[in-house]
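Here's a quick tour of a protein and its ligand. Have a look at the picture, then come back for the highlights.

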Amino acid sequence: MSTDSDKKLFSTYALGNINLDNRVVMSPMTRSRAIDYLPNELMAEYYTQRSGAGLIITEGTAPSKNGLGYARIPGAYSDAQVEGWKGVTESVHADGGKIFLQLMHCGRMSHPLNVPEGGKVVAPSAIAPEGKMYTDQEGEQPYPTPNALTAEEIEQTVEEYVTASKNAIAAGFDGVEIHGANGYLIEQFLNPGSNVRTDDWGGSWQNRNRFAIEVTRRVIDAIGAERVGIRISPYGAFGSMDPGYDDVETQYLALADELSKLGAVYLHLVDHSSMGTPEVPREFKKKLRETFKNTFIISGGYDAERAEADLQEGLGDLVAFGRPYISNPDLVERFKKGAELNDPKPDYFYTPGAEGYTDYPTLEEEK
Ligand SMILES: Cc1cc2nc3c(=O)[nH]c(=O)nc-3n(C[C@H](O)[C@H](O)[C@H](O)COP(=O)(O)O)c2cc1C
């Protein structure tokens with residue numbers, strides 16, 4: 001009979017130069033608790049509660065003022081933010097955890113009310129996403145039409161990622177994840193629906209891949225390949241992305257190949273079919289996995305059983321869990337014991353304060 005200790009999910013894993021206690025990754029999740037864009041003690045408590053994960057990936061964090069977009073998300077561009085993040089990394093490390101910072105430039109998924117003075121809403125092209133976005137000041141507001149970046153501004157934006165990744169290392173993170181998924185700036189470059197540029201940064205899929213590759217290359221040059229992962233969402237539809245255009249697979253396989261050649265430590269694949277977007281075909285996942293030679297992380301709608309099956313099949317090396325981690329700080333313990341999971345409370349996903357954030361009980365506390 002197989003026991004928990006035989007399970008691949010609970011086996012250790014060497015990610016670049018760091019050793020993970022298990023193959024359970026906490027997915028990056030925006031939680032909007034960073035008042036004034038500053039990481040704080042409440043956030044340190046939240047991440048420390050979850051330090052039993054093999055690897056924590058933080059919520060999306062802006063590399064610059066322009067990269068902000070949602071209410072109360074943190075940044076990694078000021079000294080005060082670096083100080084705030086130190087409190088998070090020191091506490092997680094003291095508890096034996098490992099933690100990467102997700103660098104999320106929101107691009108056009110933004111609103112001027114959510115961006116401080118000195119920042120503006122930018123994108124590859126002046127095309128607004130459909131729908132509305134929440135602001136603390138005026139509730140739901142339509143997305144504005146973003147400012148199309150000039151070639152010079154693109155160069156500055158790449159540099160913002162470089163500075164923010166150096167800041168992340170100064171703040172004690174084990175590495176950074178470049179957010180190339182879910183309709184944010186990098187995917188706005190990748191996708192033909194949001195990138196209609198006619199210069200070197202748009203047009204052909206080769207040109208649309210350029211920004212993702214350039215950001216990754218430069219961040220790797222700055223902090224080392226073993227500290228740089230990237231998240232992608234081919235077939236994604238969040239943020240008004242066109243999910244299934246011609247050449248999507250050719251484009252992403254070429255991207256995975258380039259990222260692999262750059263030596264990025266992991267490729268993190270999003271499949272949001274559990275959240276209503278088109279499924280990423282399994283055969284295509286296998287091709288991506290074969291193309292990218294380092295660590296491959298799979299995510300989206302997993303429970304312990306499916307995670308174990310996909311690890312056994314070799315579809316990925318690590319599995320990321322999102323919503324289960326919101327409501328189960330001791331998720332690995334619960335998986336090991338086959339215990340029931342608490343349900344997350346979506347009403348509190350993005351609200352300020354401790355409620356629905358740090359107050360989910362561990363098994364121990366439920367007793
Ligand atoms: C509240 C919430 C916030 C999220 N924020 C981010 C984010 O900042 N960056 C990101 O890459 N994905 C984000 N996601 C997507 C998750 O990382 C994950 O891919 C998704 O929840 C699907 O995985 P699951 O079925 O295990 O929850 C978010 C998801 C949720 C529920």
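Below is a short briefing on the chain, one of its strands and the ligand's surroundings. Keep in mind that this is a predicted model.

**The whole chain**
- The protein chain has 11 helices and 14 strands.
- Its C-alpha trace spans about 60 × 45 × 35 Å along the principal axes.
- A compact globule of 367 residues would have a radius of gyration near 21 Å, and the chain's 19 Å agrees with that.
- Buried residues account for 49% of the 367 residues.
- Take the contacts between residues at least 6 apart in sequence: 74% of them join residues at least 24 apart.

**Strand S10, an enclosed strand**
- Why call S10 (residues 175-180) largely enclosed by the rest of the structure? Because six of its six residues are buried.
- Gly-175, Glu-177 and His-179 point one way, while Val-176, Ile-178 and Gly-180 point the other way, and all are buried.
- S10 runs parallel to strand S5 (residues 99-103), with four bridges joining the two; Gln-102 has Glu-177 in S10 as its bridge partner.
- S10 also pairs with strand S11 (residues 228-232), again in the parallel sense, over five bridges. Here His-179 has Arg-231 in S11 as its bridge partner.

**Around the ligand**
- The ligand is surrounded by 25 residues, and the closest are Ser-27, Thr-30, Gly-60, Gly-322 and Arg-323.
- By type, the shell splits into 10 nonpolar, 12 polar and three charged residues.

Conventions: Residues numbered from 1 in each chain as written. Predicted model: local features only at pLDDT ≥ 70, side-chain atom pairs only at ≥ 80, totals over all residues. Buried ≥ 20, exposed ≤ 12 C-beta atoms within 10 Å, placed from the backbone. Pairing = 2+ DSSP bridges. Near = placed C-beta within 6 Å. Nonpolar A, V, L, I, M, F, W, Y, C, P; charged D, E, K, R; others polar. Rg over C-alpha atoms; globule rule 2.2 N^0.38 Å. Contact = placed C-beta atoms within 7 Å.
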